[in-house]
Amino acid sequence: MRRRIAATTALLVSAALTGCSVDDAPPSEPSRRAAAPAKTEPAPAPETPAEFLALAEEAMAAEQGWTFTVKGREGLVLQGQENAATYTATVHRTTGDPWALHSTGTIRGRNGAKPEEIYVVDGTAYVNEGGGAWEHGPLSDPEFADKVEDPLAALDGFRGYGDGITLAEPDGPEGRVELRVRTTTARLTDVRDEGVVQKALREFTPTLEQLRAAGVTAPESRIIMAGAEESFVLDASTYRVTAHTFKCTFLIPPEGRQIRYDQEVTERTAGMYEGTVVLPDGMG
């Protein structure tokens with residue numbers, strides 16, 4: 001993190017302001033008249049999740065932009081048969097006002113691989129999957145918002161979990177801090193108001209709607225939230241985000257069978273980005 005602590009400079013007190021000349025003062029007086037440098041107390045070390053998150057936001061906003069790598073997986077298992085897709089991407093994200101984002105990635109599934117490219121400019125997302133026609137819509141539309149992997153927006157949303165955020169016990173190399181939110185296994189109806197579960201539901205709902213259309217009639221009261229977790233890893237000295245992970249698992253038991261849905265996405269900070277993000281000619 002780039003600290004912005006203004007340096008203080010000692011100023012000599014003018015003899016004119018003291019009502020006497022330098023010649024009137026004994027030899028030792030000038031040193032007494034020198035203003036003592038202001039002492040800056042070191043900032044207290046962060047202790048609470050809210051303090052760590054505030055420093056993380058400051059650290060990430062201090063640079064013009066960042067590059068992230070993304071790796072994700074989404075799977076659906078029914079009676080031992082799995083249908084899964086993986087996603088990899090590189091994201092350039094600026095931090096100015098307004099901010100912008102450009103992502104290039106690849107989706108791999110049962111039918112092979114297809115490219116995906118995404119721009120976010122002035123609050124509008126532009127999405128191209130498979131090299132076809134571009135689609136666009138406001139980020140307020142979940143259909144488009146769910147396609148955008150933006151660790152900085154996730155960091156802002158993470159703060160909304162409030163007291164649910166914990167400092168994880170160190171289980172990795174020194175020099176890192178991990179902040180985590182998770183829910184235990186429970187019926188969806190018992191935990192659906194928890195923030196991380198609501199995020200998981202936004203990810204799961206399109207798949208659930210497809211299952212409903214295919215004849216899966218299990219009510220929400222029978223769906224099990226097998227786990228939802230979101231975490232941020234920070235550098236312990238700079239407080240910069242080094243990784244962000246979100247994962248969730250749902251179990252749906254239709255007519256005695258069980259369907260398992262799971263998703264996991266990890267974004268890692270690859271370095272600073274000093275470029276700009278603009279829409280290609282003819283778009284927007």
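Trainee: Which residues of the largest nonpolar core touch the most other members?

Mentor: This is a predicted model, in which local features need pLDDT of at least 70 and side-chain atom pairs count only at pLDDT 80 or more, while totals for chains, interfaces and linings use all residues. Residues are numbered from 1 along each chain as its sequence is written, and side-chain values use heavy atoms, with hydrogens and water left out.

The residues you ask about are Phe 158, Cys 248, Phe 250 and Ile 252, which touch the most other members of a core of 54 residues. A nonpolar core here is a set of buried Ala, Val, Leu, Ile, Met, Phe, Trp, Tyr and Cys residues joined through side-chain atoms within 4.5 Å, where buried means under 20% relative accessible area and exposed over 50%, with a 1.4 Å probe. Helix 7 (residues 195–213) supplies the largest share of this core, seven residues. Apart from this core lies another one, made of seven residues, among them Val 121, Tyr 273, Val 277 and Met 283. As a general background, nonpolar side chains in soluble globular proteins tend to be buried together.

When residues up to four places away in sequence are not counted, Phe 158 touches Leu 53, Ile 165, Leu 179, Arg 180, Val 181, Glu 230, Ser 231 and Phe 232, a touch or contact being heavy atoms within 4.5 Å. Helix 3 (residues 49–61) and helix 5 (residues 151–158) pack at an angle of about 155 degrees, and their axes are 10 Å apart. Because of that angle, helix 3 is roughly antiparallel to helix 5, the label for angles over 145 degrees, as against under 35 for roughly parallel, 65 to 115 for roughly perpendicular and oblique for the rest. On the side of helix 3 the contact is made by Leu 53, Ala 56, Glu 57 and Met 60, and on the side of helix 5 by Leu 152, Leu 155, Asp 156 and Phe 158.

Of its 284 residues, 38% are buried. Of the contacts between residues at least 6 apart in sequence, 56% join residues at least 24 apart.

Thr 67 lies in strand 1 (residues 65–78) and counts as buried because its relative accessibility is 12%. Beyond residues up to four places away in sequence, Thr 67 touches Thr 90, Val 91, His 92, Arg 268, Thr 269, Ala 270, Gly 271, Met 272 and Tyr 273, and Tyr 273 is one of the residues of the separate seven-residue core. Val 127 is placed in strand 5, is buried with a relative accessible area of 4%, and touches Glu 117, Ile 118, Ala 133, Trp 134, Glu 135, Phe 144 and Lys 147, again not counting residues up to four places away. Gly 137, found in strand 6 (residues 135–138), is likewise buried, at 5% relative accessible area. Leaving aside neighbours within four places in sequence, Gly 137 is in contact with Thr 124, Ala 125 and Phe 144, and the C-alpha atoms of Gly 137 and Thr 124, 13 residues apart along the chain, are separated by 5.6 Å.

Gln 79, in the loop between strand 1 and strand 2 (81–94), counts as exposed because its relative accessibility is 57%. Apart from neighbours within four places in sequence, Gln 79 is in contact with Arg 257 and Gln 258, and its C-alpha atom is separated by 7.2 Å from that of Arg 257, 178 residues apart along the chain. In the loop between strand 2 and strand 3 (100–109) is Pro 98, joined to Asp 97 by a cis peptide bond with omega of about 5 degrees. Asp 122, in the loop between strand 4 (112–121) and strand 5 (124–129), has a positive phi near 55 degrees although it is not a glycine, and with 60% relative accessibility Asp 122 counts as exposed. Tyr 239 also has a positive phi, near 70 degrees, and lies in the loop between strand 10 (224–235) and strand 11 (241–252), but Tyr 239 is buried, with a relative accessible area of 10%.

Note on methods:
Axes fitted to C-alpha atoms, helices over the stretch in contact; angles between N-to-C directions. Helix = DSSP H or I, 4+ residues; strand = E, 2+ residues; numbered from the N terminus.
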